[in-house]
There are 2 protein chains.
Amino acid sequence: MAQGTFFSILEERSRALGSLLCVGLDPHPGLLPAPTAQSARDLCLRAVRGAATWAVAFKPNIAFFEAFGAPGWEALRAVIEAIHEQADRLGRGPIPIILDAKRGDIASTAEAYARAAFEVLGADAITLNPYLGYDSITPFLEYRQKGLFILCKTSNPGSADVQDVLLRDGRPLYEHVAQRVNEWDRYGNLGLVVGATFPQALARLRQIAPQRWFLVPGLGAQGGELEATLRAGLRPDGLGLLLNLSRAILAAPDPARAAAEWHDKITQTLREMEQQ
Amino acid sequence: MAQGTFFSILEERSRALGSLLCVGLDPHPGLLPAPTAQSARDLCLRAVRGAATWAVAFKPNIAFFEAFGAPGWEALRAVIEAIHEQADRLGRGPIPIILDAKRGDIASTAEAYARAAFEVLGADAITLNPYLGYDSITPFLEYRQKGLFILCKTSNPGSADVQDVLLRDGRPLYEHVAQRVNEWDRYGNLGLVVGATFPQALARLRQIAPQRWFLVPGLGAQGGELEATLRAGLRPDGLGLLLNLSRAILAAPDPARAAAEWHDKITQTLREMEQQ
C-alpha cells in the first residue's frame, strides 16, 4: 500500500464498505484437489477474485504455503500480487493484506522475520506472538506504516493452558498481555488477536483497549457467534473488529456469493443492533 | 535420521563426543558479503563443514533464510543436506538438526507447520512457542521420532515481560509452562528452551524437569557464562544441556578451530567440575 498507515487504510475501507469482513486464505490440504503449491495458489486466487469486492482485508496464513517449501512461497507471493491486482481493478483503494504468521523471536532474529513479511512478501500487517516480550516486537514496530496484531486470547480450546492462567491480582494472563500492548504501542500500529469463541474475554479486552482493532478468528467453523461477538467487541463507532472467515468463503462452491452473504449478514446484524 | 528417536540419538552423540555443543546457523545479514540466499547458504556450509566433527547438533534458524523468500528456503534445504553429507562422511552416525522456528498456531495450522519442518525440510527437531497451549503442540507431538523444544525462559531481556509474570501461587509463568510440558510429554519427545542468561531460572527449571533436555541459547555474544550454566542446569549424568553457539562459530575466521575450541572449553569445564 502506497499511502497512509495500515490502520488508517483499514479503517477507511471498513467504513466505506460498511463491513468488518476479513477473508482468511488458509488452503488446508483437505481443500485441495492435489497436494501442490499450484493447487493452493489456485484455490486462493479463486477466493481473491470472488471476494475482493466484499473483503475489508485478506489474511493469508503462511503455514499452508510453507508446507510446500519454496514453491509455496512463490504461490503466496502470487496470491498477494493477485490481491493488489484486484484492488487496482476495483479502483476503491488498496485492500489490506494481513500475513498470519504468528512470529516471535529475539530482536536480531525478529528483524529477519519482519523483512520476510514486509519486504519480501509485501504484507501490510502481520500477526505476532507476545511470549518473548517487547524486544521481540520492536523490529516490527519500526515499520510504522505496517500493522501488528499481537496474539492475546486465541480462539482454540488450548488457549486456556497459558493465556487464562491467573496472575497474582486475579487477572488472566491475556489481560496482562493486552495491558502490555497498550504500553508498547508508541506509534499506534498495534492490534490484538481475540477469538470469537470467548465473548466474555472479548468484552473485557474491549474495556482494556477501547480504541484498538481486534482481529477476530473463530466465527463459522470454530463456532463463534456473530451477534455475541459484535455486542462484546464493537467500538462505539461501529468499527474496531475485523471478523475473519476462512473456510466458509475459501471452500464455498461460489466464493463471491459466500463473501457477499457474509457481508450482508454482518451489515444487517450491525443495522439491527443500531436500531435496538 | 533413520533410526531411534531424536532424544536417544542426541544423547548417544553427546555421550560419544563428551560434549554439549550445538552449533547455531544464524546467517545474519551483517555477516554476509552480499545480501543473497546464496551468500547465507555459503556461510552456513562453511560452518557445517568446519564444525561437523565437534557439533553434537546443528540449529539453523529459519528466519534468516525466510528473509530471502523462496531462494532462502532452497538455501536452507541445501544446508540441511550438507549436514547429512558431513554425517555420512564422518561415519559416526547422524548429526541431529534442530530447526529454530518458534512456531505456534491452532491445531489444523500447526499440522501444516509440522509438515514444513519435518517433511519438506527434513529437520529432526523444532522449537515451538507455548502461548497457544496444548492443542498447538499436538500435531508436532505425533511425530514421535522428532524432538520438540518448547520455549520456556528465553535468553533476551524482554523475556521478563510475559515469562516472568507472577502467578497466584507466586511462581513465574515460565515455571507453569515447564510443568505443563511435563503433563504434555506423553511420548518423551519434549525439551525446553532456557536461556543461559538466567542461571537461577535454569536451576529452578532443572528441579521441575530433572531429566529433560534443555536447549540453551545465550552463551557467547549474549553474555551467558559457561560454568554458571553448567552448574545450574546439568543433569547428574553430565548430560541434558545443549549449549548453543552461533556467531562465535559461524562468524569465526576458521569455524573448525572455533568449534574445536568451544568443544575443548566445554569438556574441560565439565572435567574440572567433576574433580571438585
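How many residues of chain A are in contact with how many residues of chain B? In this predicted model, 49 residues of chain A are in contact with 49 residues of chain B, where contact means that the C-beta atoms of two residues, placed from the backbone, lie within 7 Å. Residues are numbered from 1 along each chain as its sequence is written, and chains are lettered from A in the order in which they are written. Because the model is predicted, local features need pLDDT of at least 70 and side-chain atom pairs count only at pLDDT 80 or more, while totals for chains, interfaces and linings use all residues.

**Stop 1: chain A as a whole**

Select chain A, whose secondary structure comes to twelve helices and eight strands; helices (H or I, at least four residues) and strands (E, at least two) are DSSP runs, numbered from the N terminus. The C-alpha atoms of chain A fill a box of roughly 50 × 50 × 35 Å along the principal axes. For 276 residues a compact globule would have a radius of gyration near 19 Å, and the 18 Å of chain A agrees with this; the radius is taken over C-alpha atoms, and the globule rule is 2.2 Å times the number of residues to the power 0.38. Of these 276 residues, 57% count as buried, a term that asks for 20 or more other C-beta atoms within 10 Å of a residue's own, with C-beta atoms placed from the backbone.

**Stop 2: the side of chain A that touches chain B**

Return now to the 49 residues of chain A that are in contact with chain B. Elements that give two or more residues to this side are α3 (63–66), α4 (69–90), α5 (107–120), α6 (134–141), α7 (160–163) and α8 (173–184) of chain A, and the largest share, eight residues, comes from α5(A). By class, this side has 24 nonpolar, 16 polar and nine charged residues; Ala, Val, Leu, Ile, Met, Phe, Trp, Tyr, Cys and Pro count as nonpolar, Asp, Glu, Lys and Arg as charged, and the others, Gly among them, as polar.

**Stop 3: helix α5 of chain A**

Select α5(A), where ten of the 14 residues are buried, among them A:S108, A:Y113 and A:R115. What covers the buried residues of α5(A) includes β3 (98–103), β4 (125–128) and α6 of chain A, together with α3 (63–66) of chain B. Just after α5(A), look for A:G122, which takes a positive phi of about 75°.

**Stop 4: strand β3 of chain B**

Move to chain B and select strand β3, residues 98–103, where six of six residues are buried. B:I98, B:D100 and B:K102 point one way from β3(B), whereas B:L99, B:A101 and B:R103 point the other way. Side chains in a regular strand alternate between the two faces of the sheet.

Which residue of β4(B) is the bridge partner of B:L99? The partner is B:I126, and β3(B) pairs with β4(B), residues 125–128, in the parallel sense over three bridges, where pairing requires that DSSP finds at least two bridges between the strands.

**Stop 5: a lysine in each chain**

Finish with A:K102, which lies in strand β3 of chain A, and B:K102, which lies in strand β3 of chain B. Phi of A:K102 is near 50°, a positive value in a residue other than glycine, and phi of B:K102 is also near 50°. Most residues other than glycine have a negative phi. Why does A:K102 count as buried? A:K102 counts as buried because it has 28 C-beta neighbours inside 10 Å.

Notes:
A residue is buried if 20 or more other C-beta atoms lie within 10 Å of its own, exposed if 12 or fewer, and partly exposed in between; C-beta atoms are placed from the backbone.
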